[in-house]
Amino acid sequence: VLAAVNQNGWVLKYASPELQNDPNIVLAAVDKYGMALKYASPKLKSNKTIVLAAVAQDYSALDYASNDLQNDPEFKKIADEQLYGI
């Protein structure tokens with residue numbers, strides 16, 4: 001699965017729930033396709049490192065982050081800085 005997500009992060013959709021909860025697999029997926037965050041486990045949708053990597057690849061991935069991160073002004077500031085280089 002790691003090799004597959006390194007080629008195309010979207011295939012995280014087809015990984016088992018166990019692998020969708022594996023930080024290494026999910027990080028590799030979102031590095032290639034930020035929107036793969038949609039298929040990550042709820043736990044990893046709360047992981048700042050993974051969500052930042054997803055947002056760096058595609059800012060729209062923030063829509064799939066946990067509500068806590070979406071509503072965290074400090075986190076959104078970091079995400080915006082990453083996007084806009086502020």
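This is a predicted model: local features need pLDDT of at least 70, side-chain atom pairs count only at pLDDT 80 or more; totals for chains, interfaces and linings use all residues.
## The nonpolar core

In soluble globular proteins, nonpolar side chains tend to be buried together. In this model, the largest nonpolar core is made of 26 residues. Leu12, Val26, Val30, Leu37 and Val51 have the most contacts inside this core. At least two of the core residues come from each of H3, H4 and helix H6 (73–84). H4 gives the most, with six residues.

Leaving out residues up to four places away in sequence, Val26 touches Leu12, Leu19, Gln20, Ala40, Leu44 and Ile50.

## Helices H4 and H6

Two packed helices are described by the angle between their axes and the distance between the axes. For H4 and H6, the angle is about 35 degrees and the axes are 9 Å apart. The crossing of these two helices is right-handed.

On the H4 side, the contact is made by Lys48, Val51, Leu52, Val55 and Ala56. On the H6 side, Phe75, Ile78, Ala79 and Gln82 take part. Sorted by class, the contact of H4 with H6 has seven nonpolar residues, one polar residue and one charged residue.

## Ala56 in helix H4

Ala56 lies in helix H4, which covers residues 48–57. The C-alpha atom of Ala56 is 6.5 Å from that of Gln82, although the two residues are 26 residues apart along the chain. Both Ala56 and Gln82 belong to the contact between H4 and H6.

## Ser41 in a loop

Ser41 sits in the loop between helix H3 (23–32) and H4. Is Ser41 buried or exposed? Its relative accessibility is 10%, so Ser41 counts as buried; the cut-off for buried is under 20%. Not counting residues up to four places away in sequence, Ser41 touches Gln20 and Asn21.

## The aromatic pair

A pair of aromatic rings is described by the distance of the centres and the angle of the planes. The count for this model comes to one aromatic pair. The pair is formed by Trp10 and Tyr14, with 5.3 Å centre to centre and 75 degrees between the planes. This arrangement is edge-to-face, because planes over 60 degrees apart are counted that way.

Trp10 has a relative accessible area of 32%, so Trp10 is partly exposed. Tyr14, at 58% relative accessibility, counts as exposed.

Note on methods: Residues are numbered from 1 along each chain as its sequence is written. Side-chain values use heavy atoms; hydrogens and water are left out. Helices (H or I, at least four residues) and strands (E, at least two) are DSSP runs, numbered from the N terminus. Buried means under 20% relative accessible area, exposed over 50%, partly exposed in between (1.4 Å probe, protein chains only). Contact means heavy atoms within 4.5 Å. A nonpolar core is a set of buried Ala, Val, Leu, Ile, Met, Phe, Trp, Tyr and Cys residues joined through side-chain atoms within 4.5 Å. Rings of Phe, Tyr and Trp (its six-membered ring) pair if their centres lie within 6.5 Å; planes under 30 degrees apart count as stacked, over 60 as edge-to-face and the rest as tilted. Axes are lines fitted to C-alpha atoms, for helices over the stretch in contact, and angles run from 0 to 180 degrees between N-to-C directions. A crossing is left-handed if the near helix is turned anticlockwise from the far one by less than a right angle, and right-handed if clockwise. Ala, Val, Leu, Ile, Met, Phe, Trp, Tyr, Cys and Pro count as nonpolar, Asp, Glu, Lys and Arg as charged, and the others, Gly among them, as polar.
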